[in-house]
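Here are my notes on this model, point by point. Please keep the structure open while you read.

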Amino acid sequence: MPITLVLTMVFFLLSLFFKRSRILFVVQVVWITLLAGFNTNGADFQNNYNTYVVANNTDKWWNIYTWLATLFKINNIDYVYFNFFLVTLCTCLLSFVIIKLTNYPNLVLSMYYIYPFIDNIIQKRGYYAVCILTLGLYFLLKSKKSSNVVLFMLLTLLALQFHASAIIMFTIPFFMMLPIKVERNIVILIIIFSNFLSGIVSKVATIVLPDSMQEKNTLYFSVLSSSSSSFHTLVWTIWQITFIAIIYYIYLKKDNVNYVDEIMLKLNLWGGLLVLLYTYDPVFTRVFRPIIILDFIYVANTLNLTSKKLRMMIVVMFVLCSASFIFFDVMSNLGFDYIVLQIFENNLLFN
């Protein structure tokens, strides 16, 4: 067993016992940065490497990722160091949000280790986007000020510079304008009629997406969807509903519901809309990951409550994280060794 995997498991266990320790949190943030930043091989590594190699700001003058990649290449900096630079910045953003929103940062990281830690390392540009979007959602949680909505939209635009999936997040502020009951009913109808409505989604995407994103449109709605099945769609739908159910349960059982409770429920109800995309491929679950981070924080904060039933949601979230790890990583067609072990076996510093 790779020493990096052993140490990660040790950090996971320590997180369960020392939930509040800021020192442990900083050590773990450094550890996560080293593992994700200095990764040298694994699933999707070659695709990310090739994207870096062909990046040219002459072709994509509007794209920040392309500009950064071009700058690093001009200075003969290897892709691994380029990735480390971005991982460091983005992990700091993620850490900032966790520290600001909970007194139990290590408990949040213990959930994160199970899922989506591995997937974020694999899907590098997706990880940059996740961290930026998590910061954007943090501003939505702060208050109803229109300036916070503007900040969210600007950060979503920034995340879009790193991964195309961020474009879907622009719909969040508009969805959140609706009353919770209306949102709930919309989500229920979409889940029931997802198979019928999904065909409309691909047609709309083809019409509204710019030419620069049509390649992604073809990949997600044509190529990947060719291997989808009704069973897979059902599994991912149940997966999404479970997140909503956990947050909804806490929302209903809390004695005093505040602004954060309301926004967390709305964000998870918005996640229910993604079921429309799961009929094509589970790759769209990555869009929900910034909200998953906030869900971890929200559930960890039930330790502040006196209700044992609400604190039990922590256990339920751990079960859901474990199920996610099994579905996305262990049961992957590429196999556990290829998806998971390669992350720990291929690192510039440790291997």
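**Notes on cavities, a helix and cysteines**

1. The largest cavity is lined by G126, A129, V130, L133, H163, S165, R286, V287, R289 and P290. Two elements, α8 (124–142) and α17, each give two or more residues to that lining. The biggest share comes from α8, with four residues. By class, the lining holds five nonpolar, three polar and two charged residues. Here Ala, Val, Leu, Ile, Met, Phe, Trp, Tyr, Cys and Pro count as nonpolar, Asp, Glu, Lys and Arg as charged, and the others, Gly among them, as polar. The space inside is about 70 Å³.

2. A word on the basis. This is a predicted model: local features need pLDDT of at least 70, side-chain atom pairs count only at pLDDT 80 or more, and totals for chains, interfaces and linings use all residues. Residues are numbered from 1 along each chain as its sequence is written, and side-chain values use heavy atoms, with hydrogens and water left out.

3. The structure has two cavities of 30 Å³ or more. A cavity is a set of points on a 1 Å grid over the protein atoms alone where a 1.4 Å probe fits but cannot get out; lining residues have an atom within 4 Å of a point. A volume is the space filled by probe spheres set on the points, which are joined across faces, edges and corners.

4. The second largest cavity has about 40 Å³. Its lining includes V29, I32, T91 and L94. The elements giving two or more residues are α2 (22–37), α5 (79–101) and α6 (105–114). The top contributor is α5, with four. No charged residue takes part; seven are nonpolar and two polar.

5. Helix α17 covers residues 289–300. Helices are DSSP runs (H or I, at least four residues), numbered from the N terminus. Its twelve residues should span 16 Å at 1.5 Å a residue, and the end C-alpha atoms are 17 Å apart, which agrees. The expected span is 1.5 Å times one less than the number of residues. Twelve of its twelve residues are buried (under 20% relative accessible area; exposed is over 50%, partly exposed in between; 1.4 Å probe, protein chains only).

6. Which disulfides are there? A search of the whole structure finds zero (a disulfide is a pair of cysteine sulfur atoms within 2.5 Å). C92 is in no disulfide either; its nearest cysteine sulfur, in C90, is 9.1 Å away. C90 is buried at 5% relative accessibility, while C92 is partly exposed at 46%.

Conventions
1 Å grid on protein atoms, 1.4 Å probe; cavity = no way out; pocket = protein on both sides within 12 Å on 5 of 7 lines; lining within 4 Å.
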